[in-house]
Amino acid sequence: MITNSIRRHAVLTVAAAVALTALSGCQDSPSGTAAPTAAAPATSAAPVAGAFEPEAALANAEKTPYAANVKITTEAAGRPLSTMTGRSNFNALFTGRSEIRSSAEVPASQSLWMETVTTTDANYFRNRKAGTNWVKAPRAAGNNQADYGAYAKLLLAGGPSAKKGMENQGGIPTYHLAGHLEIDQVASVDPRTHRSMKAKGVTGFDCDQWIDSKGRTIRFEQRMNMYGIPSVNKATFTDFGPAETFAPPTEG
């Protein structure tokens, strides 16, 4: 009974740790050594229409700022814990909005429902569960999106084994990349993640990433252990469009 209680507390702690930083992609991810990589979806034997090479897609990636919907789910010990949904700008100063909620499996006393809006000069938060009003805070140094294109290049630098081939993701031709990244490889790509994980003794983590022909990330998965519990972050990016302006929130 004590063991189960401790394990349940640890699982919920994983959810909270990820939930508070989910908007930044890989940044400030759960601590721990990398968990064994789960089997990736099988690549279809049939050729995928619109095939391309990932190196070319990344080299020719559009540098114009754009906006996309983001969904990040978090699991621990095979249990769904939280889901973050939102929209944010890429290839530009990070701005966006998001909502993060605990799954139905999380006890009400431990559940989470938060909203965040990040503008060019401030962060705004409110606790929907507690019914609080919006609170304004200064933007923190390094409050930026993870550079997903640079993550893809790190995976490719691992050699031919990183190239898993073409796969359709939601009807979009994508190239699947996968591999293990050592924590010091991330320093130049995602400094905030590097600092946070390094301080927690993380040595590396496993990634699966799917990019489209424009070098944009369509899907990203990250696996590691936290408190001895296998934890997974799964992110999808959809509805690409021109960069948007995210204004401070109003009450309601």
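Rings of Phe, Tyr and Trp (its six-membered ring) are taken to pair if their centres lie within 6.5 Å, with planes under 30 degrees apart counted as stacked, over 60 as edge-to-face and the rest as tilted. The structure is a predicted model, in which local features need pLDDT of at least 70, side-chain atom pairs count only at pLDDT 80 or more, and totals for chains, interfaces and linings use all residues. Residues are numbered from 1 along each chain as its sequence is written, and side-chain values use heavy atoms, with hydrogens and water left out.

The mean pLDDT of the chain (the predictor's confidence in each residue, from 0 to 100) is 81, and 79% of the residues reach 70 or more.

Seven aromatic pairs were found in a search of the whole structure. Phenylalanine 90 belongs to strand β2 (residues 79–90) and phenylalanine 237 to strand β11 (residues 229–242), so that the pair ties together parts 147 residues apart in sequence; strands are DSSP runs of E of at least two residues, and helices runs of H or I of at least four, numbered from the N terminus. Phenylalanine 237 is buried, with a relative accessible area of 3%, where buried means under 20% relative accessible area, exposed over 50% and partly exposed in between (1.4 Å probe, protein chains only). The rings of tyrosine 151 and phenylalanine 220 are likewise edge-to-face, with centres 5.6 Å apart and planes at 70°. Tyr66, Phe90, Tyr148, Tyr151, Phe220, Phe237 and Phe240 form one aromatic cluster.
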